[in-house]
Amino acid sequence: MLAIKIWNYFRGYVIIRVEGLTLERLLNLAANYNIYLWDIKRYSNIVIEMKSTTKGFKELRDIVKKVGCRIEIKEKIGFPFIILKLRERKMLLAGFLLFLSMIFVLTSTIWKIEIIGNEQTPKEEINSLLKDNNIFIGKLKFNINKESIKDILIDNYDYFSFISVNIKGTKLIIEIREQDLPPEKIDKSYPCHVVAKKKGVIVKVIPKNGKAIVEKGQVVNEGEILITGILNNENTQENILVHAEGEVFALTRYSSIIKEPIIKNEETYTGKVYKQRGIKIKDKGIIFMKGNIPFSNYKEFEVEKDLITLGKLGIEFPIKKVDHEYKEVETKEIKQNIDFLKQSTQIKAVKEINKELSKDAQIQSKNTRYQIEENILITQVVVETIENIGRKQIIGNRED
């Protein structure tokens, strides 16, 4: 309902009053001529009020003459009528346009750049790179190419494994994930800690710079400081920031659980399709040709298209055409071979663990457990390794 009200306001409508003795005939003829009328209210046997589009009102006047009624406009509502009123008052129109322009500029400008996920790379360095490439606070959102920002960061930081660039309101949000930097690539002018990149039991600590604050047999969690870059000066009692370095070996544990149904349902399309069409205004949708979907089991597919294409102007039109397609599916039960299922789930679990294993990890043990619960085969693979769990974290990128 909200979407319909917004749409009617956008194109403009009128509240009309009709007086006469043949009101029922008037409404029947309006329906026959497909004239859209809504919010019809009867005040007496000879008086009704209702809402109509401007086009519908023009068409309705011819019908009113035929049936011998009298019609008048009580109120004009909507954006087009506001524009018409403003045309008559040039100074007010100029002020209104200036106000709209200011709102447009203020809401179309980036006022904050937020960088998330950088632990080895200083924010100042990333901001400086963005500024050198014409990405800065005060730039219009329409002139920002998200893919271009990704390319710039990937070209300069090959250890970024993931980059996401989004614009929310007036904020540019850049989220990154870093791989572990090789020691020779880390700028040693920046003070940093060596922190744990995963949970483990300490086996050996070899500090090269900074001070080790963990010892053999200690359990550490991800993000915990292993070798600190904050040292205390015994003479001045002040803290000194240094670039901590070293290796910290720990016993780590990787686990992957794969669940597979022994009897599984397989879906296939029957070839029957039901279609609906509609429009969407932002998150609100209106479906035309409405009806019950004639299938009990189906998959829905939705395709959106711009109602008006303004891509060249860098503007996304909020109203879109939507095609809904419902394809009927039928379900069949298939029982899988247990031995084959155990083998395939174990392979899947090992593949998942291999994605996380670092290159220098030394595998100490591997265990596989199987369990069946309510038609589900649960396969758990546990791998224990000894590896260097230290990674550097710039002091100042996070609160320490």
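The backbone nitrogen of glycine 390 lies 3.1 Å from a polar atom of the side chain of asparagine 388, and the backbone nitrogen of valine 248 likewise lies 3.1 Å from a polar atom of that asparagine side chain. These distances come from a predicted model. Asparagine 388 is found in strand β21, a strand that is largely enclosed by the rest of the structure, because 10 of its 13 residues are buried.

**Asparagine 388**
- Asparagine 388 has a relative accessible area of 15%, and it therefore counts as buried, the cut-off being under 20%.
- Setting aside residues up to four places away in sequence, asparagine 388 touches Lys197, Glu247, Val248, Phe249 and Asp360.

**Strand β21 and its partners**
- Strand β21 covers residues 376-388 and is joined by 13 bridges to strand β15, residues 245-261, with the two strands running antiparallel.
- Within the pairing of these strands, alanine 250 has glutamate 387 of β21 as its bridge partner.
- Strand β20, residues 362-373, is also antiparallel to β21, and 11 bridges join the two.
- Glutamate 373 stands opposite isoleucine 376 in β21, while the hairpin of β20 and β21 has 2 residues between the strands, and glutamate 374 takes a positive phi near 50 degrees there.

**Nonpolar cores**
- The largest nonpolar core holds 19 residues, of which Ile126, Ile149, Leu153, Phe160, Leu172 and Ile174 touch the most other members.
- The elements that give two or more residues to this core are the strands β5 (112-116), β6 (160-168) and β7 (171-178), together with the helices α6 (123-132) and α7 (146-156).
- Apart from this core lies another, of 18 residues, and among them are Val18, Leu26, Ile35 and Ile48.
- Leucine 172, leaving aside its neighbours within four places in sequence, is in contact with Ile110, Lys112, Ile113, Glu114, Ile135, Ile149, Val165, Asn166 and Ile167.
- In soluble globular proteins, nonpolar side chains tend to be buried together.

**Cysteines**
- The structure holds 0 disulfides, a disulfide being a covalent bond between the sulfur atoms of two cysteines.
- Cysteine 69 has a relative accessibility of 12% and counts as buried, and cysteine 192, with a relative accessible area of 1%, is buried as well.

Note on methods
Residues numbered from 1 in each chain as written. Predicted model: local features only at pLDDT ≥ 70, side-chain atom pairs only at ≥ 80, totals over all residues. Heavy atoms only, no water. Buried < 20%, exposed > 50% of the residue type's maximum accessible area, 1.4 Å probe, protein only. Helix = DSSP H or I, 4+ residues; strand = E, 2+ residues; numbered from the N terminus. Pairing = 2+ DSSP bridges. Polar contact = N/O pair within 3.5 Å; in protein donor to acceptor, adjacent residues only side chain to side chain. Contact = heavy atoms within 4.5 Å. Disulfide = S-S within 2.5 Å. Core = buried A, V, L, I, M, F, W, Y, C linked by side-chain atoms within 4.5 Å.
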